[in-house]
Amino acid sequence: MTIPWLVLLVSLSTFYLGVFIWAVIQHFLTVEIPSALKHPVKFRLLHCLMLYIITLGNILEKMKICSMIRFIQFFQDLIVIKKNHNLVVTNMHFGTIPVRLFQPKAVSSEGRRGIIFYHGGGAICGSLDCYHNLCSFLAQQTDSVVLSVGYRKLPDHHYPCVSKDCLNASIHFLKNLMTYGVDPSRVVACGESIGGGAVALVTQALVSFPSLPHIRAQVLITPSMQAINFRLPSHQQNQNVPFLTRDILTIAVCKYLDIDLSWKDALFNGTYMHPDTWEKYRKWLSSDNIPRRFKNKSLLPEFSRPFNEAAFLEIRHNSGSEVSPILVDDKIVAQLPEAFLVTCENDPLRDDALLYKKRLEDQGVPVTWYHVEDGFHGCILLFDKQPFSFPCSIKIANAVASYIKGI
């Protein structure tokens, strides 16, 4: 009986080793490591591990054992949650939406600042547990009450579940601020990646709720602001830069918007874009609005290929402000609160934030911009993950906390 078990053990070990070798080969064949990035060896190792998990997930999905997305979600929630003895952490539900409340234990003679936090992850990963340590950090560093929103995600839930859950949870919180000891005049909406896009969508939607306490400031960390122009300079320059490569971004966008992956080339090349639609939105989405220092001479033109009507009919639902908050009307933008925008040089979503920055400034909304030359997408999540943290991770976490403390 010992020999069959030994054979099985050797076979599994060989299989897992083979998958890891495949992930390493794929990394070195496809990935570009920016010269400005600190600790490139550590960066490569982390990306190889990510590719390893994704590859295992794809194998399990093809074997019909479990979906790749669920496999990734299982691994992400193995993250160690650090207990902060200075905070009271409470898990609860607002209706069906799971939320986590972080409240400083110290007694305060007045209402504290409130932070509503929407996590990142492209609706594929990210969770209350995954972003627990960041929310705990923000609560302690800024002496604020933090509400983290656990919105619904893939594979069971698609657009518009993220923005809908974030808005509903925010409205519930705003109606009950006094219950949580929050000063109604000092509420901040904060989010990262798709959560940064949710910040924009929620603050825009709340303009229609004048009876609620107003959001004092919005903090958008490397936000996803549009799903139309994937030929902006940052998309072209960083399409092979981890951790948000073109392949990962494709899966996230198509899965969340329920677009068949067979249309991915039309989506990213822009052939689905109707000429009239582009003429309507180019004043807000064109790379002409990106500062010259972020461009180089090798960039491909935007939407220069023949129009694909079949692709347009399949994908056209992404061409609205409900998906792309950067497209909202000027009259709504003019009513938005002041903003703190974080961008990373080596992030395909960098230009999304730069375009939104211009939209806000054009309508007189005060904007504080924090740009990180050695940053990459998702790096803030590693701010406390020693030995896997990066200087850019800590810089962004501290910059966000510093800005919020000034509110």
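**Salt bridges, helices and a pocket in a predicted model**

D374 and K395 pair up in a salt bridge, with their closest N and O atoms 3.1 Å apart; a salt bridge here is a side-chain nitrogen of Lys or Arg within 4 Å of a carboxyl oxygen of Asp or Glu. The pair ties together distant parts of the chain, since D374 sits in strand β8 and K395 in helix α14 (residues 391–405), 21 residues apart. Helices (H or I, at least four residues) and strands (E, at least two) are DSSP runs, numbered from the N terminus. This is a predicted model, in which local features need pLDDT of at least 70 and side-chain atom pairs count only at pLDDT 80 or more, while totals for chains, interfaces and linings use all residues. Residues are numbered from 1 along each chain as its sequence is written, and side-chain values use heavy atoms, with hydrogens and water left out.

The two partners differ in cover. D374 is buried, with a relative accessible area of 3%, whereas K395 is partly exposed at 35%.

How many salt bridges does the rule give? The count comes to 17. Another of them joins the side chains of E373 and R293, at 3.4 Å from N to O. This one also links distant parts of the chain: E373 is in strand β8 (residues 367–376), and R293 is in the loop between α10 (275–285) and α11 (309–315), 80 residues away. E373 is partly exposed, with a relative accessible area of 42%, while R293 counts as exposed at 53%. D384 and K385 make a further salt bridge, their closest N and O atoms lying 2.8 Å apart, and both of these residues are buried.

Next come the stretches marked in the UniProt record, an unreviewed entry. Its positions are given in the numbering used here, feature names are shortened, and annotations may be inferred rather than shown by experiment. The record places "transmembrane region" at residues 6–29 and 41–60. In the model, residues 6–29 are 100% helix and 0% strand, with their end C-alpha atoms 34 Å apart. Residues 41–60 are likewise 100% helix and 0% strand, and there the end C-alpha atoms lie 29 Å apart. The record also gives "domain: Alpha/beta hydrolase fold-3" for residues 115–271 and 319–380. The span 115–271 is 39% helix and 17% strand, with 40 Å between its end C-alpha atoms. For 319–380 the figures are 27% helix and 31% strand, with 29 Å from end to end.

Helix α1 (residues 2–30) holds W5, which is exposed, with a relative accessible area of 60%.

The largest share, five residues, comes from α2. In total 16 residues line this pocket, with Q26, L51, T245, D247 and I248 nearest its centre. The pocket holds about 340 Å³ of space. A pocket is an open set of points on a 1 Å grid over the protein atoms alone, where a 1.4 Å probe fits, with protein on both sides within 12 Å along at least five of seven lines; lining residues have an atom within 4 Å of a point. Grid points are joined across faces, edges and corners, and a volume is the space filled by probe spheres set on the points.

Finally, the backbone. Most residues other than glycine have a negative phi, and most peptide bonds are trans. The bond from Y159 to P160 is cis, with omega near 10 degrees, and P160 lies in the loop between β4 (144–149) and α5 (161–175). Another cis bond joins P242 and F243, with omega about 10 degrees. K64 has a positive phi, near 60 degrees, and is exposed at 76% relative accessible area.

How values were computed: Buried means under 20% relative accessible area, exposed over 50%, partly exposed in between (1.4 Å probe, protein chains only).
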